[in-house]
Amino acid sequence: MKRLIFAIVAIQWLVGCSKDFSDLKPYNSLPANEAIKTESDLANAVNGMYASMRNAGLFGRSIPFINDLMADNVLLSTNNSSRYLLQNSYTVNVNDSYSASFWQRGYFTILAANNIINAELPASTSIDQYRGEAYAMRALVYWNLVMSFATHYSVNPSAPGVPITLEYDPTIRPARNSVQEVYTLVIDDLKKAADLMSVTKNSSYATKWFAKALLAKVYLHMGDYPKAFTEAKDVIDNGGFTLAAAGALNSYWASPNPVSNKLETIFEITNDAVNNTGWDALASMYDQSGYGDGLVNPELYDLYSDTDARKGLIKPGTRGGVSVFVVNKYQNYTNASNKDEIKIMRYADVLLIAAEAAARNNQDDVAKSYLNQLVTTRDPSSAGYSSTGDALINDIVLERRKELAFEGDRLGDLNRLKLPIVRTGAGYAPGTELIAANDLRRMLPIPQAEVDANARIEQNDAYK
């Protein structure tokens with residue numbers, strides 16, 4: 001069943017853009033000990049938390065779109081709707097509305113999660129599950145905030161991160177915690193989530209396996225490859241997930257419904273005919289029946305072999321009379337009865353995490369077994385990779401780009417690997433380096449409204 005948006009969630013739309021995050025209230029504007037008194041209250045609160053994540057300022061559009069646009073997978077058409085122009089040109093400023101919405105909606109969801117976590121209800125299987133889901137979502141949002149608004153962990157874990165707030169208090173004005181402190185919280189939350197959750201649900205709900213998969217990815221970004229491998233291997237060995245066969249990959253992406261059979265998807269944000277972001281959907285940024293502004297970098301398209309099923313998720317087309325390549329992963333924008341889900345974690349990602357972690361731990365054969373499981377499934381005519389050492393790691397990173405394109409993964413990979421952002425096509429000469437590995441514009445500015453409201457918030461250096 002698709003999740004329902006409870007009427008109380010509508011209050012999030014009433015929050016003015018001029019307010020800073022500490023003025024935002026949980027979904028029902030009441031302290032946890034008054035708002036959540038029963039298991040039914042808790043279930044409603046969890047639904048509200050998930051609904052808030054669907055917002056276009058968060059996972060509904062901005063997070064996945066920005067993280068491909070500001071990398072090298074997506075180009076903004078010159079014939080565009082004037083959305084994300086600053087991100088496309090790396091000229092984002094402190095008054096950017098997309099950065100502000102990302103920040104505000106992120107902290108709104110964190111407050112909703114805090115409300116659930118801090119509810120004074122006795123433990124039970126159901127209540128533990130709900131609380132575990134809240135820990136997982138809080139970790140997911142904090143990790144995305146620190147990844148986008150701060151220096152990457154691999155560059156400087158002591159750099160200013162984002163403020164940590166664990167309970168609702170409208171009087172606080174917290175300073176930015178360090179990147180390391182935010183990662184410590186994320187890891188702790190994910191471990192608690194994995195321990196608390198025991199209920200098997202469909203892919204629109206967080207589960208133990210999502211918490212462990214995300215934990216593996218966080219460890220990968222930290223460069224803690226032994227722990228990344230351990231968590232990823234647990235999901236692979238015990239999670240029960242499978243890959244879609246090459247002939248079924250397009251139908252997997254074409255389906256607008258959450259899965260209950262553990263095919264590919266570990267966790268996704270649900271949309272349906274009633275509960276969706278409409279014109280503001282991620283699909284609208286790619287579908288030529290919508291805004292259609294986001295186009296595929298031709299260089300990326302050329303990376304796929306003709307027998308690779310993933311190449312079918314990119315379609316040659318035209319825009320403004322010009323030949324272009326169009327993203328075809330989100331096929332339900334014009335579907336009146338259902339809408340595309342937003343994939344947050346897929347099994348393919350876990351296989352690639354295990355492969356890279358093993359390769360960096362000098363276990364090349366193990367790495368190739370995981371890597372080639374994915375590659376030969378996507379392209380049955382492929383013999384897989386036989387590389388070793390650094391060449392094998394580069395091949396894994398390449399496959400991450402090909403597999404996770406248009407899902408909001410690429411900029412994080414370029415940042416953790418300290419690689420320059422290079423574009424080809426759409427007016428750029430082949431191999432044009434736009435943003436160097438140490439360029440501070442790779443992170444977003446803290447919204448000026450937040451800085452004005454909280455004197456303890458330090459702005460990122462590139463935007464002072």
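Author: An angle between axes under 35 degrees counts as roughly parallel, and one over 145 degrees as roughly antiparallel. The model discussed here is a predicted one.

Reader: How are helix 6 and helix 8 oriented to each other?

Author: The axes of helix 6 (residues 125-149) and helix 8 come within 11 Å and cross at roughly 25°. Angles under 35 degrees fall in the parallel class, and helix 6 and helix 8 are therefore roughly parallel.

Reader: Which residues of helix 8 does helix 6 meet, and in what hand does helix 6 pass helix 8?

Author: The crossing of helix 6 past helix 8 is left-handed. By class, this contact has 8 nonpolar, 1 polar and 1 charged residues. From helix 6 come Ala136, Met137, Leu140, Trp143 and Met147, and they meet, in helix 8, Phe210, Leu214, Lys217, Val218 and His221.

Reader: How are helix 8 and helix 9 oriented to each other?

Author: Helix 8 (residues 208-222) packs with helix 9 (residues 225-238) at an angle of about 155°, the two axes lying 8 Å apart. Angles over 145 degrees fall in the antiparallel class, and helix 8 and helix 9 are therefore roughly antiparallel.

Reader: What is the make-up by class of the contact of helix 8 with helix 9?

Author: Helix 8 passes helix 9 in a left-handed crossing. Helix 8 contributes Trp209, Lys212, Ala213, Leu215, Ala216, Tyr219 and Leu220 to the contact, while helix 9 contributes Tyr225, Lys227, Ala228, Glu231, Ala232, Asp234, Val235 and Asn238. Counted by class, these are 10 nonpolar, 1 polar and 4 charged residues.

Reader: Which elements do the buried residues of helix 9 pack against?

Author: Helix 9 has 14 residues and reaches 20 Å from its first C-alpha to its last, close to the 20 Å expected at 1.5 Å a residue. Its buried residues are Tyr225, Ala228, Phe229, Glu231, Ala232, Val235 and Ile236. They pack against helix 8, strand 2 (265-269), helix 13 and helix 14.

Reader: Which residue with a positive phi follows helix 9, and which one follows helix 15?

Author: After helix 9 the residue has a phi near 80°, and it is Gly240. After helix 15 the phi is near 70°, and the residue is Phe406.

Reader: What covers the buried residues of helix 15?

Author: Helix 15 (residues 389-404) has 16 residues and reaches 23 Å from its first C-alpha to its last, close to the 22 Å expected at 1.5 Å a residue. Its buried residues include Leu392, Ile393, Asp395, Ile396 and Val397, and among them are also Glu399, Arg400, Arg401, Lys402, Glu403 and Leu404. The cover includes helix 8, helix 12 (298-303), strand 6 (342-346), helix 13 (347-360), helix 14 (364-378) and helix 16 (410-416).

Reader: How many of the residues of helix 5 are buried?

Author: Helix 5 (residues 97-117) has 21 residues and reaches 30 Å from its first C-alpha to its last, close to the 30 Å expected at 1.5 Å a residue. Helix 5 is largely enclosed by the rest of the structure, because its buried residues number 19 of the 21.

Reader: Is Tyr84, in the loop between strand 1 and helix 4, buried or exposed?

Author: Most residues other than glycine have a negative phi. Tyr84, though not a glycine, has a positive phi of about 60°, and it lies in the loop between strand 1 (74-76) and helix 4 (85-89). With a relative accessible area of 0%, Tyr84 is buried.

Reader: What is the relative accessibility of Glu264?

Author: Glu264 is found in the loop between helix 10 (249-254) and strand 2. Phi of Glu264 is positive, near 65°, in a residue other than glycine. Glu264 counts as buried, its relative accessibility being 0%.

Reader: Which residues is Val259 in contact with, leaving aside its neighbours within four places in sequence?

Author: Val259 lies in the loop between helix 10 and strand 2, and at 16% relative accessibility it counts as buried. Leaving aside neighbours within four places in sequence, the contacts of Val259 are Asn202, Ser203, Thr265 and Glu268.

Reader: How far apart in space are Gly408 and Ile66, C-alpha to C-alpha?

Author: Gly408 has its place in the loop between helix 15 and helix 16. Leaving aside neighbours within four places in sequence, Gly408 is in contact with Ile63, Pro64, Asn67 and Asp68. Gly408 and Ile66 are 342 residues apart in sequence, and their C-alpha to C-alpha distance is 7.2 Å.

Methods:
Residues numbered from 1 in each chain as written. Predicted model: local features only at pLDDT ≥ 70, side-chain atom pairs only at ≥ 80, totals over all residues. Heavy atoms only, no water. Axes fitted to C-alpha atoms, helices over the stretch in contact; angles between N-to-C directions. Helix = DSSP H or I, 4+ residues; strand = E, 2+ residues; numbered from the N terminus. Parallel < 35°, antiparallel > 145°, perpendicular 65-115°, else oblique. Left-handed = near helix turned anticlockwise from the far one by under 90°. Contact = heavy atoms within 4.5 Å. Nonpolar A, V, L, I, M, F, W, Y, C, P; charged D, E, K, R; others polar. Expected span 1.5 Å × (residues − 1). Buried < 20%, exposed > 50% of the residue type's maximum accessible area, 1.4 Å probe, protein only.
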